[in-house]
Amino acid sequence: MKFSESWLREWVNPAVNSEELAHQITMAGLEVDDIEAVAGEFTGVVVGEVVECGQHPDADKLRVTKVNVGGEELLDIVCGAPNCRLGLKVAVATVGAVLPGDFKIKKAKLRGQPSHGMLCSFSELGIDVESNGIMELPADAVIGTDFREFLKLNDVTIDVDLTANRADCLSIKGLAREVGVLNRAEVCQPAFEKVTPAIDDKISVAIEAPAACPRYLGRVVRNVNVKAATPLWIQEKLRRSGIRSIDPIVDITNYVMLEQGQPMHAFDLAKIEGGIVARMAKPGEKLVLLDGNEAELNENTLVIADHNKALAIAGIFGGQDSGVNAETTTDVLLEAAFFAPDAIRGRARSYGLHTDSSHRFERGVDSTLQNYAMERATQLLIDICGGEAGEIVGQESEEHLPKANTIALRRTKLDNLLGHQISSEDVVEILSRLGCEVETTEQGWTAKAPSWRFDMAIEQDLIEEVGRIYGYDNIPNQAPVASLNMNEHKEANQPLKRVRDLLVDRGYHEAITYSFVEPNQQKLIVPDVEPLILPNPISADMSAMRLSLWTGLLNTVAYNQKRQQPRVRLFEAGLRFIPEQAAENGMRQEMMLAGVIAGPRSEEHWDIATNTVDFFDLKGDLEAILELTANELSYSFKAAKHPALHPGQSAAIEVDGKVVGYIGTVHPELERKFGLNGRTIVFEIEWSAINTRVIPEAVVISKFPANRRDIAVIVADDVESEAVVRACLETDNALITGSKLFDLYKGKGVEDGKKSLAIALSLQSTERTLEESDISEAVASVIALLGEKFGAHLRD
């Protein structure tokens with residue numbers, strides 16, 4: 001919001017300079033972005049009148065003039081502006097004047113004719129106004145007046161960056177209220193006389209969408225002169241607020257919007273068929289906008305229409321056909337309405353638009369302001385363009401208009417949040433000056449928010465208002481109590497960063513995918529669980545909370561493969577969301593770790609064979625993660641089925657008999673539906689199953705040699721090799737320190753339905769060198785245990 005300081009001081013004039021005023025506004029939460037002078041630095045420019053104007057004898061595009069600047073003599077000035085003419089009031093830079101850029105005016109001759117000054121354009125005085133020729137001043141401008149005083153150019157424009165909740169300050173009226181509160185200064189609203197209706201003409205108004213448009217007012221004004229000139233004082237106030245002057249009617253509606261905060265619009269009355277209807281757009285309805293572009297209206301768009309067609313997008317942009325035209329318009333309909341922010345918010349963006357009107361309606365407009373703004377605009381219109389006004393007509397839906405919030409404020413809450421006690425008298429005064437109706441209660445106060453402060457809704461809002469108006473600078477600094485407590489940290493906790501580093505070292509990249517996934521894709525992976533569906537998703541393919549990290553990872557693999565990245569190694573740590581009635585909010589959140597590999601086993605190399613990754617590549621990486629727990633023997637891989645994995649190439653990951661994850665090759669049908677290219681292997685495991693590690697304990701290192709004995713045992717085909725290897729360590733004989741499978745054989749010499757497992761046993765004592773009898777006894781205990789558990793016997 002840009003505003004002119006001098007315009008603001010017409011409403012409220014605190015005893016502070018520009019810099020102090022800007023600092024005040026910033027500290028009140030309305031950040032000042034910039035302060036700019038409204039014109040360049042110049043001296044020696046006065047108001048003059050062209051009393052003679054003739055053609056230059058030696059130049060077609062120059063004119064020789066005599067200009068009265070209130071001195072004893074007329075000034076001879078040569079001018080090249082096409083709009084220079086007899087009787088024109090102009091800005092004259094006299095001899096000795098200094099213009100922006102340190103340009104000094106001296107006596108000169110142009111093509112042989114003397115020139116003792118210069119007739120100035122806006123740009124030559126550092127004023128940002130587009131113009132073709134010299135400045136044209138009003139006929140009542142007093143000759144000889146210093147031009148800076150005439151246009152009040154000793155002024156600055158202050159640019160305030162308002163937060164979305166402070167739409168009440170998108171006007172001079174709102175800013176004046178704020179400055180008045182900060183300085184305990186009186187705010188003087190410009191006085192004007194209401195226009196008495198001079199004609200009986202009026203137009204019917206109907207509201208078909210009362211929730212979107214709770215109030216609509218209209219007023220007919222006939223016989224207006226659209227070609228009248230907008231007064232220079234209005235043009236200047238608009239310019240200093242960043243708005244270009246267009247024509248008097250548009251300028252008046254813009255002026256009222258800046259002054260009062262109420263956007264308005266004017267229709268050409270002759271273009272309205274029947275009456276006004278505020279309704280939602282019809283399917284396929286189109287509207288040619290004021291900028292000439294045609295918009296196909298969405299059905300959720302509120303429009304202002306007559307009985308046959310749409311006239312404007314409500315609160316955003318007018319239509320070209322019903323707009324005011326300087327050549328043909330004589331009668332206008334002024335509009336002032338209250339549109340619900342939710343009905344306007346986002347609509348302008350959907351049509352590629354952003355207007356001053358939509359900016360205000362999206363954030364909220366004072367719902368009591370419409371009638372006053374209509375009276376103000378009518379008064380300005382009659383004064384500038386003439387005409388006769390009818391009475392104000394309209395419709396409203398009381399139940400859909402905003403209701404003032406009554407908020408309780410507790411003394412204890414106020415003191416705790418501010419960290420400082422403000423006296424009760426100051427609290428009441430601050431809230432009252434803000435426009436609240438305040439009552440004292442046993443616990444504190446209740447405050448009824450004013451109609452323009454629709455952002456006041458909860459207790460914390462009132463505390464913020466009291467704090468910022470009291471002044472954060474006035475709240476004394478208090479050093480915080482620094483009580484240092486040692487954080488509880490268990491050495492057994494496994495840091496996620498350690499796992500991340502391990503996977504990165506093994507060639508993986510970390511992926512971060514959305515927690516929202518496409519429901520049908522997820523059903524392919526987790527068909528038996530109904531996910532939580534979002535009521536207002538970003539898009540249809542991001543409408544379900546994920547039940548597995550595989551959905552995002554497989555899509556990421558497909559994305560990379562389509563971009564010539566055949567070798568993919570990714571992992572992700574994140575939450576999955578499982579609906580569960582017993583859980584808080586009906587949903588259980590679990591931290592998961594997942595990984596995926598696809599493509600060649602290694603980067604292309606002349607000395608390395610090109611092989612595709614398989615199940616055991618990923619299993620090896622997962623086992624490296626399990627080894628970080630220093631308890632890898634507690635984990636086991638059991639053949640299992642999973643709807644997303646290839647039958648016979650998948651396994652469940654178990655800890656003490658509990659399934660905590662899965663690993664396997666993606667099912668071929670799933671590969672096709674996800675658009676994957678070739679074999680893809682995935683794993684997913686609960687983080688809680690691997691986030692604890694066994695703390696190392698010091699043991700005596702044996703100084704005696706170790707021994708190895710190899711045994712080959714015959715077991716049934718369905719006996720897991722891993723179970724046999726682990727069972728070798730379960731004997732009571734303490735000499736067995738390790739077991740390892742080094743061969744598996746089926747075929748000649750081994751009966752059908754059986755297999756031969758060759759196991760290397762490690763034996764060692766910390767007390768002595770082992771005798772052959774010790775070794776034989778230990779090996780015999782292993783064979784006896786395997787026979788008891790698995791029916792195993794030594795191979796012949």
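Arg9 and Glu5 sit four residues apart in helix H1, so about one helical turn separates them. Helices (H or I, at least four residues) and strands (E, at least two) are DSSP runs here, numbered from the N terminus. What you have above is a predicted model, so local features need pLDDT of at least 70 and side-chain atom pairs count only at pLDDT 80 or more, while totals for chains, interfaces and linings use all residues. Residues are numbered from 1 along each chain as its sequence is written, and side-chain values use heavy atoms, with hydrogens and water left out.

**Salt bridges**

- A salt bridge here is a side-chain nitrogen of Lys or Arg within 4 Å of a carboxyl oxygen of Asp or Glu; that rule gives 52 salt bridges.
- Back to the opening pair: Arg9 and Glu5 form a salt bridge, with their closest N and O atoms 2.8 Å apart.
- Glu5 has 8% relative accessibility, which makes it buried. For burial, the cut-offs are under 20% relative accessible area for buried, over 50% for exposed, and partly exposed in between (1.4 Å probe, protein chains only).
- Arg215 and Glu396 form another salt bridge, the closest N and O atoms being 3.0 Å apart. Arg215 belongs to strand E13 (residues 215–222) and Glu396 to strand E23 (residues 393–396), so this pair ties together parts that lie 181 residues apart in sequence.
- Through shared partners, salt bridges link Arg166, Asp168, Glu178, Arg453, Asp455, Glu465 and Arg468 into one network.

**The E1-E11-E2 sheet**

- Strands of a sheet pair through backbone hydrogen bonds, either parallel or antiparallel.
- In this one, three strands make an open sheet in the order E1-E11-E2, with antiparallel pairing. Two strands count as paired if DSSP finds at least two bridges between them.
- The edges are E1 and strand E2 (31–37), each pairing on one side only, and the twist averages 25° from one strand to the next.
- E1 and E11 are joined in the antiparallel sense by three bridges; Lys2 has Asp159 in E11 as its bridge partner.
- Helix H2 (residues 18–27) lies across E1, E2 and E11 and runs at about 160° to E2. Axes are lines fitted to C-alpha atoms, for helices over the stretch in contact, and angles run from 0 to 180 degrees between N-to-C directions.

**Helix H5**

- Seven of the nine residues of H5 (residues 232–240) are buried, so the rest of the structure largely encloses this helix.
- The buried residues are Leu232, Ile234, Glu236, Lys237, Leu238, Arg239 and Arg240.
- Their cover includes strand E1 (2–4), helix H1 (5–11), helix H3 (147–150), strand E11 (156–161), helix H6 (248–260) and helix H10 (370–385). Contact means heavy atoms within 4.5 Å.

**Nonpolar cores**

- A nonpolar core is a set of buried Ala, Val, Leu, Ile, Met, Phe, Trp, Tyr and Cys residues joined through side-chain atoms within 4.5 Å.
- The largest core has 51 residues, of which Phe3, Leu8, Ile25, Val160, Val224 and Leu381 touch the most other members. H10 supplies the largest share of this core, seven residues.
- Setting aside neighbours within four places in sequence, Phe3 has contacts that include Leu8, Ile25, Val160, Ile172 and Arg240.
- A second, separate core has 38 residues, among them Ala209, Ala281, Ile316 and Phe361.

**Cysteines**

- With a disulfide taken as a pair of cysteine sulfur atoms within 2.5 Å, the count is zero.
- The closest cysteine sulfur to that of Cys120 is in Cys79, 9.6 Å away and too far for a bond.
- Cys120 is buried at 0% relative accessibility, and Cys213 is buried at 0%.

- Most residues other than glycine have a negative phi.
- Arg111 is not a glycine, yet its phi is positive at about 55°. Arg111 sits in the loop between strand E8 (108–110) and strand E9 (113–115), and it is exposed at 54% relative accessible area.
- Asn223 also has a positive phi, about 60°, without being a glycine. Asn223 lies in the loop between E13 and H5 and is partly exposed at 49% relative accessibility.
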